[in-house]
Amino acid sequence: MQTLLVILTFSLALAFIIKKFVWAPIFEGRKKSIGTLDGGKTKCGEKDCKCH
């Protein structure tokens, strides 16, 4: 029973490491960056009025 728990814990930790350091950077690099300073969440709509 303890061996099963150790294997399960190791598998979860390995999956987390792979997801965080391998999987995410590959797919985050493909995202298109938005040209605003606040990440596209401008306070005044789609047009940038330079008020922020």
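So, Phe16: buried or exposed? This is a predicted model, and in it Phe16 comes out at 52% relative accessibility. The cut-off for exposed is over 50%, so Phe16 counts as exposed.

Where does Phe16 sit? It's in helix H1, which runs over residues 2-28.

Okay, on to the helix itself. H1 has 27 residues and spans 37 Å from first C-alpha to last, close to the 39 Å you'd expect at 1.5 Å a residue. There's a kink, though, of about 40°, and it's centred on Lys19.

Now zoom out to the whole chain. We've got one helix and zero strands. How much of the chain is buried? Of the 52 residues, buried ones make up 2%. The chain exposes about 5,300 Å², and carbon and sulfur atoms supply 67% of that area.

Notes
Residues numbered from 1 in each chain as written. Predicted model: local features only at pLDDT ≥ 70, side-chain atom pairs only at ≥ 80, totals over all residues. Heavy atoms only, no water. Helix = DSSP H or I, 4+ residues; strand = E, 2+ residues; numbered from the N terminus. Buried < 20%, exposed > 50% of the residue type's maximum accessible area, 1.4 Å probe, protein only. Expected span 1.5 Å × (residues − 1). Bend = angle between axes of the 7 residues up to and from the residue. Areas by Shrake-Rupley, 256 points an atom, 1.4 Å probe, with all protein chains shown as cover.
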